[in-house]
Amino acid sequence: MVKKEDNDSSHTKQKKTMASLFTPSPTTTSSSGDTIYVAAVPLKAAAGPPQLIMSMAYSLNISNLQHFMVLIKPSSPIRQEVLVFDFQPRNPESIEAAISLLSGNLIPGVVLQRRLKNVPRQRCWMVGPSKGNDAMEMAMEFNKSWETDLRVGFHDCRHYTNELVQHLTGEMQIVERLPRS
């Protein structure tokens, strides 16, 4: 099940609507695992040629240019930071990365792991509990086999997010099922 994570009571109706858009698969009925989220942020480019190329992409109606990430909120009763896993170009603000957006060329990518104090309140959706008790370990094992040559539209952050979420929860094609906004 995917639903908007927000503590603001004014979004209660939105949360119910978004939750009803998705039906949970049988693999997400357990509540013993860590909680898995997907977050999205707009793609940004450095000033100069990369920013010009991104502007061209927007003008060509290449819309919905977003970067997707997988978040793991540990189920431990001890308050822990949220883990963030994502796949991006090794040098995301380079001219090479910007050109690859338009040309479809392979560029070197990297899988990153970071920590956040809390789950973001905007543009973040709860997928559900992980299949296993240690989602962080599952994600790290998954990352060991992830091919790091990045090709926008064929092997990028969307594919990484879809496959890691499927590995952790069993939910398939999660990015395509997120609300567009």
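Reader: Which residues of helix 5 are called buried, and what makes them so?

Author: The buried residues of helix 5 are Cys-157, Tyr-160, Thr-161, Asn-162, Leu-164, Val-165, Leu-168 and Thr-169. Buried denotes under 20% relative accessible area, exposed over 50%, and partly exposed in between (1.4 Å probe, protein chains only). The model is predicted: local features need pLDDT of at least 70, side-chain atom pairs count only at pLDDT 80 or more, and totals for chains, interfaces and linings use all residues. Residues are numbered from 1 along each chain as its sequence is written, and side-chain values use heavy atoms, with hydrogens and water left out.

Reader: What span does helix 5 reach, and what is expected?

Author: Helix 5 (residues 157-169) has 13 residues and reaches 18 Å from its first C-alpha to its last. The expected span is 1.5 Å times one less than the number of residues; for helix 5 this is 18 Å, and the span is close to it. Helices are DSSP runs (H or I, at least four residues), numbered from the N terminus. Gly-170, with a positive phi near 95°, follows helix 5.

Reader: Why is Ala-139 called buried?

Author: Ala-139 has a relative accessible area of 0%, and is therefore buried. Ala-139 lies in helix 4 (residues 135-144).

Reader: Which residues does Ala-139 touch?

Author: Leaving aside residues up to four places away in sequence, Ala-139 touches Ile-72, Phe-85, Leu-164 and Leu-168; contact means heavy atoms within 4.5 Å. Leu-164 and Leu-168 are among the buried residues of helix 5. Ile-72 is 67 residues from Ala-139 along the chain, and their C-alpha atoms are separated by 9.2 Å.

Conventions: Helices (H or I, at least four residues) and strands (E, at least two) are DSSP runs, numbered from the N terminus.
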